[in-house]
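Please look over the sequence and the model shown here, and then follow the questions and answers below.

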Amino acid sequence: VIKAAPLDKILVETDSHFLSPKLPGSAPAGRDKLRNTPVNVRIGAEFLSKLKQLPVTKVIDATTANAKELFSF
């Protein structure tokens with residue numbers, strides 16, 4: 001679904017407080033015990049950039065613009 005979704009309609013978030021993403025080099029065991037924080041948004045953006053085969057900076061710029069438009073700031 002993400003591959004087909006237009007980039008101008010996608011947001012990246014970290015609302016799953018107790019389901020943090022797998023960090024590079026970390027074991028998956030215990031992931032549900034790590035607190036998810038906004039710093040992990042970049043991990044989502046990097047994953048999205050790989051799926052859509054785009055530079056991560058383009059994904060970050062687009063999803064930031066999308067959030068600004070959605071939340072009117």
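**Contacts, helices and charges**

Leaving aside its neighbours within four places in sequence, Val59 touches Leu7, Ala45, Leu48, Ser49 and Leu54, where contact means heavy atoms within 4.5 Å. This is a predicted model, in which local features need pLDDT of at least 70 and side-chain atom pairs count only at pLDDT 80 or more, whereas totals for chains, interfaces and linings use all residues. Residues are numbered from 1 along each chain as its sequence is written, and side-chain values use heavy atoms, with hydrogens and water left out.

Reader: How many helices and strands does the protein chain have?

Author: Helices (H or I, at least four residues) and strands (E, at least two) are DSSP runs, numbered from the N terminus. By that assignment, the secondary structure of the protein chain comes to 2 helices and 0 strands.

Reader: Is Val59 buried or exposed, and at what relative accessibility?

Author: Val59 lies in helix α2, and its C-alpha is 6.1 Å from that of Ser49, a residue 10 places away in sequence. Buried means under 20% relative accessible area, exposed over 50%, and partly exposed in between (1.4 Å probe, protein chains only). Val59 therefore counts as buried, with a relative accessibility of 0%.

Reader: Why do the buried residues of α2 line one face of the helix, and within what arc do they fall?

Author: The buried residues of α2 are Val59, Ala62, Thr63, Asn66 and Ala67. An α-helix has 3.6 residues a turn, so residues three or four places apart point the same way. Seen down the axis of α2, and taking the arc as that of the directions from the helix axis to the C-beta atoms, the buried residues line one face because they fall within an arc of 135°.

Reader: Against which element do the buried residues of α2 pack?

Author: The face of α2 turned away from its buried side carries the exposed residues Thr57, Asp61 and Glu69. The buried residues of α2, for their part, pack against α1 (41-52).

Reader: Which side chains meet in a salt bridge, and at what N to O distance?

Author: A salt bridge is a side-chain nitrogen of Lys or Arg within 4 Å of a carboxyl oxygen of Asp or Glu, and the structure holds 1 salt bridge. Arg42 is partly exposed at a relative accessible area of 43%, and Glu46 is partly exposed at 29%. The side chains that meet are those of Arg42 and Glu46, at 3.0 Å.

Reader: What is the nearest side chain of opposite charge to Lys52, and how far away is it?

Author: Lys52 is found in helix α1 and is buried yet has no salt bridge. For this comparison Lys and Arg count as positive and Asp and Glu as negative, while His and the chain ends are not counted. The nearest side chain of opposite charge to Lys52 is Asp8, at 8.8 Å.

Reader: Which backbone oxygens lie by the side chain of Lys52?

Author: Leaving aside its neighbours within four places in sequence, Lys52 is in contact with Ile2, Lys3, Ala4, Ala5, Leu7 and Ile10. A polar atom of the Lys52 side chain lies 2.7 Å from the backbone oxygen of Ala5, and the side chain of Lys52 also reaches, at 3.0 Å, the backbone oxygen of Ile2.

Definitions and conventions:
A polar contact is a pair of N or O atoms within 3.5 Å; within protein, one must be able to donate a hydrogen and the other to accept it, and residues adjacent in sequence count only if both atoms are side-chain atoms.
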